[in-house]
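Please study both before turning to the worked solutions.

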Amino acid sequence: MKKLTVFGLILCAQMTFAQDKNTDALGRLVKAAIDYSPRIKEQQQLVSIGDYKTKIQEAALKPQVQSELSVTRIDPVAKASFAFGSTSTELSFQPNMNYNANVGANYTIADWGKQALAIERAKLETNLSKNNVEGLKQNYAYQVANLYYGIVYLQKAIEVQKEQLKLVANNEKLISDRLKQGDALDYDRVSIQVRYKNAETRLTDLQGQLDRQLIYLSSLIGADARTMVPTDADFSATWADLTVSAAFEQAQTNNIDLKNIKEKDLIADQDVKIAQLSMAPTVSAVGQLGIKNGYLPRINGEVPPVDKDFKFNTVLGLKMTIPIYAGGRGAYSTEMAKLSKEMLKYSSEATNQALKRDLDAAENDYTIAKNKLDLSEKNVFQAQYALKLAESRYKNGVITNVEIEAAQTALREAQLTQLQYQYMMTQAKLEVSRLSGLKFW
């Protein structure tokens with residue numbers, strides 16, 4: 001009993017170590033892909049642009065101050081002539097050359113909330129950009145995870161094929177020995193050589209597939225992935241064991257597509273409110289401080305001294321801008337915004353429909369693969385036992401070369417099938433986790 005307990009503890013420790021090893025390796029690969037991705041960096045720039053758009057909208061709530069310098073020549077100017085006996089006097093009410101320099105300010109006192117809505121809309125658009133960044137990170141993470149477990153599958157398949165090559169090589173040695181003793185035909189030797197070449201070809205194909213997967217993974221992380229995937233990695237990493245209903249419920253909060261639709265719906269709300277206020281008035285305070293000439297009239301063309309000609313001046317006032325007619329633009333914009341919001345409702349329904357379908361399909365794939373894996377484990381055990389018997393009988397000359405080859409092929413196919421089901425189960429778990437919005441990195 002104590003021996004069984006110790007064995008159980010050792011087995012649990014080995015499984016935990018394998019899971020931690022997979023999790024660490026996969027986490028490093030995902031982090032490398034996210035840090036390297038130009039697409040993510042591009043999307044992050046949009047977040048920064050969105051922050052500045054918000055600041056631009058907020059700046060409209062502050063006083064707008066500007067300066068003005070102008071020189072204007074007017075010809076002709078209004079004049080009046082006065083005659084007093086033999087003397088006449090000409091009076092110009094405005095000089096030909098007019099100079100003006102001032103600093104003016106404009107401050108919106110009330111706009112019935114239009115600018116506040118524009119600020120809130122800019123913030124929501126920034127949130128949408130942030131969601132898009134998280135969505136890209138999630139896509140890269142699960143893309144890397146799928147590649148990682150595809151590499152794990154191919155590495156294990158290659159090991160199975162190498163074992164097959166060893167078996168074939170051993171058979172070839174046995175046949176060569178029996179051929180020398182006259183107990184085998186030259187046909188048997190040629191047949192086993194052909195079989196060895198076929199096994200080598202399958203191994204080359206598997207290695208080629210593995211190389212392609214590693215090349216693709218390397219392109220995602222911007223480095224050589226060969227040294228980052230453990231050669232003894234397996235499918236032991238744990239994923240959230242969610243039912244379809246639980247995954248669907250979690251997706252309502254975490255699924256990136258649904259989160260984006262919710263953000264777009266909030267933006268559409270702001271668009272409706274902004275469109276409805278498009279014909280609202282705006283009240284502004286205006287002020288101006290400056291210096292200009294032309295306050296004193298020109299008598300007989302004489303120019304007054306500078307200190308008398310140029311005067312400081314001030315302007316203070318309130319201004320109300322009231323839109324009266326814009327061709328129905330406000331009403332059209334309101335209806336268009338309402339239609340966009342209605343469209344998002346249908347988009348949410350369609351996304352949820354596809355989400356439920358994909359979750360059901362992933363769970364079905366997992367269930368089928370698990371049931372088949374249970375059967376394949378028994379099949380591998382039986383194939384191993386059958387090969388052991390066949391090898392013993394073949395050494396004793398009871399069975400032919402064809403029968404031993406059939407036993408070896410059956411074992412290899414059973415082992416590869418077992419690997420395929422393990423890989424399919426992992427893929428199904430990955431899909432459920434992705435759809436539910438699980439962040440594993």
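**Exercise 1.** In which sense do strand 2 and strand 3 pair, and over how many bridges?

*Solution.* The model is predicted: local features need pLDDT of at least 70 and side-chain atom pairs count only at pLDDT 80 or more, while totals for chains, interfaces and linings use all residues. Residues are numbered from 1 along each chain as its sequence is written, and side-chain values use heavy atoms, with hydrogens and water left out.

Step 1. Helices (H or I, at least four residues) and strands (E, at least two) are DSSP runs, numbered from the N terminus. Two strands pair if DSSP finds at least two bridges between them.

Step 2. Strand 2 covers residues 79-84 and strand 3 covers residues 87-92; their pairing is antiparallel, over 6 bridges. Within it, serine 92 of strand 3 lies opposite lysine 79.

**Exercise 2.** Determine which residue of strand 6 is the bridge partner of serine 92.

*Solution.* Step 1. Strand 6 (residues 298-299) pairs with strand 3 in the antiparallel sense, over 2 bridges.

Step 1. The partner of serine 92 in strand 6 is arginine 298.

**Exercise 3.** Is valine 30 buried or exposed?

*Solution.* Step 1. Valine 30 belongs to helix 1, residues 2-36.

Step 1. Buried means under 20% relative accessible area, exposed over 50%, and partly exposed in between (1.4 Å probe, protein chains only). Valine 30 is therefore buried, because its relative accessibility is 0%.

Step 2. Contact means heavy atoms within 4.5 Å. Neighbours within four places in sequence aside, valine 30 is in contact with Ala141, Val144, Phe440 and Trp441.

Step 3. Tyrosine 140 is 110 residues from valine 30 in sequence, yet the two C-alpha atoms are 7.2 Å apart.

Step 4. For the whole protein chain, buried residues make up 34% of the 441 residues.

**Exercise 4.** State how methionine 320 is classed by accessibility.

*Solution.* Step 1. Methionine 320 is part of strand 7, residues 311-321.

Step 1. Its relative accessibility is 47%, so methionine 320 counts as partly exposed.

**Exercise 5.** Compare the reach of helix 8 with its expected span.

*Solution.* Step 1. The expected span of a helix is 1.5 Å times one less than its number of residues.

Step 1. Helix 8 (residues 329-395) has 67 residues, and 99 Å is expected at 1.5 Å a residue.

Step 2. From first C-alpha to last, helix 8 reaches 93 Å, close to that expectation.

Step 3. After helix 8 comes glycine 397, with a positive phi near 75 degrees.
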